[in-house]
Amino acid sequence: MVSRGFFGRRRPEPPRPIPPGQYLENGFPVLSAGPTPRTSLETWTFSLVDSMAELLVQWSWEEFIALPQTEIFVDIHCVTKWSKLDTTWRGVAFDTLLEAAGITDPDPYIMAFCDGGYTTNVPTADLLGGRGMVALEFDGAPLQPAHGGPARLLVPHLYFWKSAKWVRGLHFMTQDRPGFWEEAGYHMYGDPWKEQRYWGD
Ligand SMILES: Nc1nc2c(c(=O)[nH]1)N[C@H]1C(S)=C(S)[C@@H](COP(=O)(O)O)O[C@H]1N2
Ligand SMILES: [Mo]
């Protein structure tokens, strides 16, 4: 199964433009605000929570990996100025989560929450149409713990801090609110092509 949001348009071969102020990185730097949490897959769950803090749905690991998965092929851009081209990810598209949960009219924002306490806010529309997923694999292998394994949010068209590692669920919100880095001065939206790095950009 292939997601149209990522495969629908043909991209030029590298070298191709990268967002302003970025440089190309061939490795895969690890950037974490704290230690790598270790949650056993027996107790791992993924939850969707509504704006009144009511649990809408909760999947166990076994249930989650049984959901339909998609593969995506994208460039990623970190606010610390590295960009990495042609990364391959596999996971469960946000559209699939909504469908599985029977949610047809989601609130306009989400706050991703994670093991370790990290949070980040994203407009719901930015996750729709194949543009956001919960990634379980990178480059054909299970996501390494340092890179967010067992599961991370992936929103590749926004700066990479929006791609929350060790994600455990999404809180829907009726209004936008800042997450961990957004409270500390990072931009509320974070479009790399507009260099929306910090407040006021
Ligand atoms: N839970 C959690 N997710 C996180 C972070 C974090 O500190 N904790 N750092 C963010 C930032 S600032 C970046 S650039 C990317 C880095 O992902 P990587 O370590 O896989 O390169 O993860 C994002 N997701
Ligand atoms: Mo970052």
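Setting aside neighbours within four places in sequence, N121 is in contact (heavy atoms within 4.5 Å) with I110, M111, K162, M173, D176, R177, P178, G179, E182 and M188. Before going on, note that this is a predicted model, where local features need pLDDT of at least 70, side-chain atom pairs count only at pLDDT 80 or more, and totals for chains, interfaces and linings use all residues. Residues are numbered from 1 along each chain as its sequence is written, chains are lettered from A and ligands numbered from 1 in the order in which they are written, and side-chain values use heavy atoms, leaving out hydrogens and water.

N121 is part of strand β7, residues 119–123; strands here are DSSP runs of E with at least two residues, helices are runs of H or I with at least four, and both are numbered from the N terminus. With a relative accessible area of 0%, N121 is buried; that word means under 20%, while exposed means over 50% and partly exposed is in between, using a 1.4 Å probe and protein chains only.

Now pick out D176 from that list of contacts. The side chains of N121 and D176 make a polar contact at 2.9 Å (a pair of N or O atoms within 3.5 Å; within protein, one must be able to donate a hydrogen and the other to accept it, and residues adjacent in sequence count only if both atoms are side-chain atoms). D176 sits in the loop between β11 (167–173) and α4 (180–183), and it's partly exposed, at 30% relative accessible area. Again leaving out neighbours within four places in sequence, D176 touches Y109, N121 and M188.

Next, have a look at ligand 1. A polar side-chain atom of H147 lies 2.6 Å from one of the ligand's oxygen atoms. Taken alone, ligand 1 exposes 530 Å², and the protein buries 97% of that (areas from the Shrake-Rupley method with a 1.4 Å probe; for residues, only the protein chains shown count as cover).

Most residues other than glycine have a negative phi, and most peptide bonds are trans. G149 and P150, though, are joined by a cis peptide bond, with omega about 15 degrees. K81, which isn't a glycine, has a positive phi near 95 degrees, and lies in the loop between β4 (70–77) and β5 (82–93).
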